[in-house]
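Biologist: I am new to this one. Please show me the structure, and then let me ask about the words you use for it.

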Amino acid sequence: MAKGLLISVSGPSGAGKGSVLAKVKEMDPSFGTSVSVTTREPREGEKEGVDYFFKSKEEFTQMIEEGEIIEYDEFVGNYYGTPTVALQEMSEEGTDVLLDLTIAGSMALKENFEQSVTIFLLPPSLEELENRLKGRGTESEEMIKARLEVAKNEIGFVGNFDYVVVNDDIDEAAKKIYSIITSEKCRVPRNIELLQSL
Ligand code: 5GP
């Protein structure tokens, strides 16, 4: 069986990666999702094992040493990583997996897995990004500032991605991502087994 695709979406904090990916999953619940490990404190309403696995820095370091994390990155003072086993199992059984990663995370995926597809999600403008971060009400003024600074840098990396999608409407952005995935699944190199069986 062909390996499931690893669809990684990156983009500035506030671009709407979480909402758009939730919409894609709603459109097709057969997508798998990778639940990351983080050293960040849980936000109100976030659940252990659903939004993230919340760990201390020591626990996170130990997971890296034991090979339990396939890629990781630091983002405004906290660590975030993708658990190895769950991702490999889903992909091996042919499930297409959605991931929400930093730019370095997407690049690591692209380098290590031929079944990866990287998508950069852009906000309509930096002003809109600031409004969204403020409107979310979950971060301090200082944290919003830090996230905006990172965002400005991040936009320069869009050229390293396979696709770019502007999120000015969640439904439209989700439809575009769904179309990208559909096209990727039709690429000839991803259908060699099928072609050989003819
Ligand atoms: P947040 O604190 O807003 O939940 O996430 C901050 C950033 O960490 C987001 O840009 C998100 O894409 C990224 N992120 C979440 N999980 C992972 C992961 O497992 N690996 C990497 N590289 N980035 C992650």
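The questions and answers below go through the terms one by one.

Modeller: First the ground rules. This is a predicted model: local features need pLDDT of at least 70, side-chain atom pairs count only at pLDDT 80 or more, and totals for chains, interfaces and linings use all residues. Residues are numbered from 1 along each chain as its sequence is written, and side-chain values use heavy atoms, with hydrogens and water left out.

Biologist: Why is Val-188 called exposed?

Modeller: Exposed means over 50% relative accessible area, buried under 20%, partly exposed in between (1.4 Å probe, protein chains only). Val-188 has 54%, so it counts as exposed. Val-188 sits in the loop between α7 (170-185) and α8 (192-196). Helices (H or I, at least four residues) and strands (E, at least two) are DSSP runs, numbered from the N terminus.

Biologist: What makes Val-188, Ile-192, Leu-194, Leu-195 and Leu-198 a patch?

Modeller: A patch takes residues with over 30% relative accessible area and no salt bridge; like charges are joined within 9 Å, nonpolar side chains (Val, Leu, Ile, Met, Phe, Trp, Tyr) within 5 Å. A salt bridge is a side-chain nitrogen of Lys or Arg within 4 Å of a carboxyl oxygen of Asp or Glu. Those five form a nonpolar patch on the surface, with about 520 Å² of accessible area together. Such areas come from the Shrake-Rupley method with a 1.4 Å probe; for residues, only the protein chains shown count as cover.

Biologist: Is Arg-40 buried or exposed, and how do you know?

Modeller: Arg-40 has 8% relative accessibility, so it counts as buried. Its place is the loop between β3 and β4 (53-54).

Biologist: What makes the Arg-40 and Tyr-80 pair a polar contact?

Modeller: A polar contact is a pair of N or O atoms within 3.5 Å; within protein, one must be able to donate a hydrogen and the other to accept it, and residues adjacent in sequence count only if both atoms are side-chain atoms. The side chains of Arg-40 and Tyr-80 make such a contact at 3.4 Å.

Biologist: Which residues are closest to the ligand?

Modeller: Lys-17, Ser-36, Tyr-52, Tyr-80 and Asp-100 are the closest of 16 surrounding residues. A residue is near a molecule or strand if one of its heavy atoms lies within 4 Å of it. A ligand oxygen is 2.6 Å from a side-chain N or O atom of Lys-17. For Tyr-52, the distance from a ligand oxygen to a side-chain N or O atom is 2.6 Å. A ligand nitrogen is 3.0 Å from a side-chain N or O atom of Thr-102. Taken alone the ligand exposes 520 Å², and the protein buries 94% of that.

Biologist: How do you know that β5 and β6 pair?

Modeller: Two strands pair if DSSP finds at least two bridges between them. Strand β5 (residues 69-75) and β6 have six bridges, in the antiparallel sense.

Biologist: Why is β6 called mostly covered?

Modeller: Five of the six residues in β6 (residues 78-83) are buried.

Biologist: What makes β2 and β9 edge strands?

Modeller: The open sheet of five strands runs β2-β7-β1-β8-β9, with parallel pairing. β2 (32-33) and β9 (163-166) each have a single partner strand, so one side of each lacks a neighbour in the sheet.
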